[in-house]
Amino acid sequence: MGIKYESIEELRRKKKLLKGEINDLENLLTFKNTKESLSAFTNGLSDQYLQEKIDEDGDEKVVLRKDVIAKQITSEVKDLLISKNTAVGIANSAFKGGNITDGLVKLGVTAIVGNYAKKNMKSSNWKKKLIGAALIYLAPIALKYVRKKMEVYQKNKSVSSLEQLI
């Protein structure tokens with residue numbers, strides 16, 4: 001070991017400190033205090049959503065704070081709706097591309113292509129099986145390419161419309 005100590009007493013103090021740290025880590029890992037353990041694992045992210053309560057038997061248990069969760073969800077929805085009403089909000093949402101209709105369109109296209117490929121793969125005709133296999137392997141690549149082109153087009157349109165507004 002490369003570390004040299006001045007005395008055996010210093011080494012014993014260091015050993016005691018290390019044992020204390022190990023015990024603290026073991027307590028976190030064994031979830032003796034659930035709220036502290038979750039806080040350590042999530043780097044404090046879960047603190048605002050959890051609350052310790054004592055039940056009828058006198059046992060401590062951790063419960064979700066539904067009021068904080070509800071307030072945060074309503075504020076996020078409100079901010080989303082407010083940002084949609086302004087021209088800048090519309091342009092920002094165009095750049096993000098993460099609204100509900102985009103997700104629904106993606107799901108719809110995926111379902112249609114998937115069902116068509118599945119139907120072709122079950123066919124006895126080898127040409128249809130080949131088309132089904134091609135759809136399974138090539139459709140995601142083609143859809144990704146089309147999506148990128150559509151995003152570029154949408155960005156260009158939103159930038160030009162912003163320039164016209166300004």
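Where does Tyr137 have its place?

1. Tyr137 lies in helix 6. The model in which this is seen is predicted. Helix 6 covers residues 126-165.

2. Is Tyr137 buried or exposed? The residue has a relative accessibility of 62%, and because exposed means over 50%, Tyr137 counts as exposed.

3. Tyr137 also belongs to a nonpolar patch on the surface, together with Met121, Ile136, Leu138 and Ile141. The accessible area of these residues together is about 550 Å². Helix 6 gives the most to the nonpolar patch, contributing four residues.

4. Ser123 sits in the loop between helix 5 (100-122) and helix 6. Its relative accessibility is 17%; since buried means under 20%, Ser123 counts as buried despite its place in a loop. When neighbours within four places in sequence are left aside, Ser123 is in contact with Lys128 and Lys129.

5. Which strand does strand 1 join, and how do the two run? Strand 1 (residues 50-54) is joined to strand 2 (residues 60-64) by five bridges, and the two run antiparallel. Within this pairing, Leu50 of strand 1 stands opposite Leu64 in strand 2.

6. The two strands, strand 1 and strand 2, form a hairpin, with five residues between them. In the turn, Gly58 has a positive phi of about 90°. As a general point for reading the pairing, side chains in a regular strand alternate between the two faces of the sheet.

Terms used
Residues numbered from 1 in each chain as written. Predicted model: local features only at pLDDT ≥ 70, side-chain atom pairs only at ≥ 80, totals over all residues. Heavy atoms only, no water. Patch = residues over 30% accessible without salt bridge, like charges linked within 9 Å, V, L, I, M, F, W, Y side chains within 5 Å. Areas by Shrake-Rupley, 256 points an atom, 1.4 Å probe, with all protein chains shown as cover. Salt bridge = Lys/Arg side-chain N within 4 Å of Asp/Glu carboxyl O. Buried < 20%, exposed > 50% of the residue type's maximum accessible area, 1.4 Å probe, protein only. Pairing = 2+ DSSP bridges. Contact = heavy atoms within 4.5 Å.
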